[in-house]
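Dear colleague,

Please find the structure below, handed over for your own reading.

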Amino acid sequence: MTNRIAFQGEPGAYSHQACRNARPDMDALPCRTFEDAIDAVKSGQADLAMLPVENSTYGRVADIHTLLPQSGLHIVDESFLRVHINLLGVPGAPLSGITHAMSHTVLLGQCKSFLSRHGIHRIIGADTAGSAQQVSRKGDATLAALASPLAGEIYGLEVLAEHIEDNSNNTTRFLVMSPSADTSRRGAHGMITSFVFEVRNIPAALYKAMGGFATNGVNMTKLESYMVGGSFTATQFYADIEGHPDDENVQLAMDELDYFTTNIEILGVYPADAGRF
């Protein structure tokens, strides 16, 4: 055991913050890409991986749903991170002197009102923590970064303005991935089962496949579709449902789903996080 949890990004990224919140007893291992974070677990460099899957403002994280079935890992937990965006500057820099702010394009778009109100021009950076690192290195009192409080702490920047995001409920959902599954647990807030499937090539196949969840009282909280292998005709679906595969109503719903599909792969069975409610 390495006692490490891998994440994509530079130290101070929001994924790093999610690692601290969900696994405070583990060391966070920064990785260049999502694939590298997955490979770190598969190669034994880390015990777990923390992967963002969706944001309440931005939507789903590109590529993650296609990576999960191929990863060889299992979802063992979920974690919700409230995304607080801070304007970070070099020590002693006044807010009134900031003319430009650097960050990932997504964060820049989530702070339009604040930036416009203060006449701050936007600079697109590769990521949030990397932008904070650049601001720290440049030492320019007119340049700031939009990033997490953790990034400011790591790179020695001061908070010039906090919680400047336009959407006060901006939240990212993360999945904790492990080489091994543990389906014996039961969570205090219920269980979530995540899986992917492909429907058979018959009329109304998806409608019929979903019917079993409605008739058996199983709540489906997420259903996403995406193409397989670049084909416009082969579609795979990612789904989250409330419940455990051992629950009778879930068993009946999954049996009916199996009849109308060509392939079902369970990605994880894990406790529902309190942040979901």
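E153 is exposed, with a relative accessibility of 54%; here exposed means over 50% relative accessible area, buried under 20%, and partly exposed in between, with a 1.4 Å probe and protein chains only. Please note that this is a predicted model, in which local features need pLDDT of at least 70 and side-chain atom pairs count only at pLDDT 80 or more, whereas totals for chains, interfaces and linings use all residues. Residues are numbered from 1 along each chain as its sequence is written, and side-chain values use heavy atoms, with hydrogens and water left out.

Salt bridges

The partner of E153 is R20: the two form a salt bridge whose closest N and O atoms are 3.6 Å apart. A salt bridge is defined as a side-chain nitrogen of Lys or Arg within 4 Å of a carboxyl oxygen of Asp or Glu. This pair links distant parts of the chain, with R20 in helix α1 (residues 14-22) and E153 in helix α7 (residues 149-155), 133 residues apart. Helices (H or I, at least four residues) and strands (E, at least two) are DSSP runs, numbered from the N terminus. R20 itself is partly exposed, at 40% relative accessibility.

In total, the structure holds 14 salt bridges. Another of them joins D77 and R185, at 3.6 Å from N to O. Because D77 lies in strand β5 (residues 74-82) and R185 in the loop between β11 (171-178) and β12 (191-199), this pair ties together parts that are 108 residues apart in sequence. D77 is buried at 14% relative accessible area, while R185 is partly exposed at 26%.

E78 forms a salt bridge with R276, with 2.7 Å between the closest N and O atoms. E78 is also in strand β5, and R276 is in the segment after β15 (261-271), so parts that are 198 residues apart in sequence are tied together. E78 is buried, at 4% relative accessibility, and R276 is partly exposed, at 22%. Both E78 and R276 belong to a network of salt bridges that also links E54, R60, R173, K222, E224 and D240.

Cysteines

The count of disulfides, meaning pairs of cysteine sulfur atoms within 2.5 Å, is zero. The sulfur of C19 is too far for a bond because the closest cysteine sulfur, in C31, is 9.4 Å away. C31 is likewise in no disulfide. C19 is buried at 2% relative accessibility, and C31 is buried at 11%.

The largest pocket

The largest pocket has a volume of about 670 Å³. A pocket is an open set of points on a 1 Å grid over the protein atoms alone, where a 1.4 Å probe fits, with protein on both sides within 12 Å along at least five of seven lines; lining residues have an atom within 4 Å of a point. The lining has 25 residues, and Q8, F34, P52, V61 and H104 lie nearest the centre of the pocket. At least two lining residues come from each of α1, α2 (34-42), β3 (48-55), α4 (105-109) and β11.

Helix α3

Helix α3 (residues 64-71) is largely enclosed by the rest of the structure, because six of its eight residues are buried. These buried residues are I64, H65, L67, L68, P69 and S71. After α3 comes G72, which has a positive phi near 80 degrees.

With kind regards

Key:
Points joined across faces, edges and corners; volume = space filled by probe spheres on them.
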